[in-house]
Amino acid sequence: MLRILLINDTPRKVGRLRTALIEAGFEVIDESGLTIDLPARVETVRPDVILIDTESPGRDVMEQVVLVSRDQPRPIVMFTDEHDPNVMRQAIKSGVSAYIVEGIQAQRLQPILDVAMARFESDQALRAQLQARDQQLAERKRIELAKGMLMKMKDCNEEEAYTLMRRQAMSRQQKLIQVAEQIIAMSELLG
Amino acid sequence: MNDSVGNGPISNALAWVNGSDAPEKSTLDLGFMALSDCASLVVAATQGFAQPYGLTLNLKRQSSWANLRDKLVSGELDAAHSLYGLIYAVHLGIGGVAPTDMAVLMGLNQNGQSINLSRGLQQQGVVTPEALDRHVHQSRTKLTFAQTFPTGTHAMWLYYWLASQGIHPLQDVASVVVPPPQMLAHLQAGRIDGFCVGEPWSANAVAQDQGFTLATSQAIWPNHPEKVLGCTQAFVEQYPNTARVLVMAILEASRFIEQSIENRRSTAQLLSGREYLDAPLDCIEPRLLGAYDDGLGNHWQDPHALRFFAGGEVNLPYLSDGMWFMTQFRRWGLLRDDPDYLGVARQVQQLALYREAATALGLNAGDQDLRSSQLIDGKVWDGSDPSGYARSFRLHALADHANRQALR
């Protein structure tokens, strides 16, 4: 039976995943310790599979585990699309990364990832939508308009107007388009 | 200084948009890690530097280098703020992913990383490299040093610096990976004794009075390569015009950052925002302006502080810069055989594309593909004999296949 190390170091709740994996008959070791100790824990626990939130900063520590284990009897590798492109893609989508002892067959991993994908609380839906191209063109026109207004108001050249707008935006942690809109609004107000 | 800049290049560059050189892909997702040296990407994306080229840049902050790498390889990110060594590790198949042909579009910055020690070591009088050397060789307990990624720049600076002081980084001390935002907590708890990291995390340790800066990375190698704009080779082949105008937009943003002190200050303010570094301005601004405080009472204006442009000197993807990381992978046993150093670098470093972009902006992109530098141990690296250079160090972990067999 495969032994699973479940790394629990992000706000995502892995509690339900743990229960579901145990119910499915897997041996699960829940790891909520310090990320820095991961290499030592992997050494002690000797898991066949390690599951970690794709967004966990601890992924870089796992990278060290992968490199250090290269010459050991049980090299640990990241489960990649070389093993099974479909499973890999599904896993990434649901936000779980899997590391396995080299040689474990993809089919044996499938049921684990199925459970993980069904149970891992996904926040993928919150991702920002890509901006539409027409919106981008509109933004460019608005920035040009504001620049022209500013050149008139401050009696300055194009280069100086851009610099003024950008500095204003950056010091307020805003995008250039936001400052452009403010200039346009102000200019309309003052007529 | 201002009059050399002008908006001329921007309007000339509009020709790309109308002609057949228009970008094949107009919306790009760019990955970055929350570090001060991601500045040119953030400024380019938020301050309208890409729009004149018909490009929209979406910034995607990443939680780990491993994740950034995986997304670059899978195509979820088009390009990213990357550790120099990370791009080469992926290309050579070292680490978690299968080897994938990678590309370095341009250098994003030089300098500005540092090695810091705990207050605990300071209390034991370990405030100089010599004292550290004595401590390491005389103390019974092994010190633990953290870096940020096994094949990353911080690991290489840490190893190089320790070795230059007579300390073997893989034998005399323990080396662990810690994500930058967690460095301070581990230092405070005594789980690590020192670390090598980018800003604002070193300045933060000093500001919190938890550590001090013992060596800057620019002291190891003045104007060393650091982060690059990385992508897959497939991206460059599929979208060559996009890649070129992306480089142009980021070059212009880099130039803007260094155009005046005011611009650097407002860059620091922008970076401190919640969506970018989400860190206090007083940890970002001083070192971004070159003002160092090492936490031991020394203050100085660093002549080789973090820089993004320097007339384009920073951005040329020299073949020798890429090769250097391969020589260090070899030195520390990450590569088991000598790669075709020059051949690989020629494949990865997009020199021709970079030169097209730089020339279109009226920048001098030089005709040198190699540069010569002297590092802290006195050795000169000019890219001429990479395999000899990789073997020339007294302290190393060269792992040849032959040696490995003998060890077993």
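How are H2(B) and H13(B) oriented to each other, roughly parallel or roughly perpendicular? I started there. This is a predicted model, where local features need pLDDT of at least 70, side-chain atom pairs count only at pLDDT 80 or more, and totals for chains, interfaces and linings use all residues. Residues run from 1 along each chain as its sequence is written, while chains are lettered from A and ligands numbered from 1 in written order.

**Helix pair in chain B.** I looked up helix H2 (residues 39-46) and helix H13 (residues 261-271) of chain B and got an angle of about 85 degrees, with axes 10 Å apart. Axes here are lines fitted to C-alpha atoms over the stretch in contact, and angles run from 0 to 180 degrees between N-to-C directions. H2(B) and H13(B) are therefore roughly perpendicular (65 to 115 degrees). From H2(B) I noted B:Ala39, B:Val42, B:Val43 and B:Thr46, and from H13(B) B:Thr267, B:Leu270 and B:Leu271. That contact (C-beta atoms, placed from the backbone, within 7 Å) splits into 5 nonpolar, 2 polar and no charged residues. Ala, Val, Leu, Ile, Met, Phe, Trp, Tyr, Cys and Pro count as nonpolar, Asp, Glu, Lys and Arg as charged, the others, Gly among them, as polar.

**Chain A against chain B.** I found 36 residues of chain A in contact with 39 of chain B. Helices H3 (59-68), H6 (133-154) and H7 (158-171) of chain A each supply at least two residues of the side touching chain B. That side of chain A holds 14 nonpolar, 9 polar and 13 charged residues.

**Chain A fold.** I noted 8 helices and 5 strands in chain A, as DSSP runs (helices H or I, at least four residues; strands E, at least two) numbered from the N terminus. The pattern along the sequence reads β-α-β-α-β-α-β-α-β-α-α-α-α.

Conventions
Two residues are in contact if their C-beta atoms, placed from the backbone, lie within 7 Å. Angles under 35 degrees count as roughly parallel, over 145 as roughly antiparallel, 65 to 115 as roughly perpendicular and the rest as oblique.
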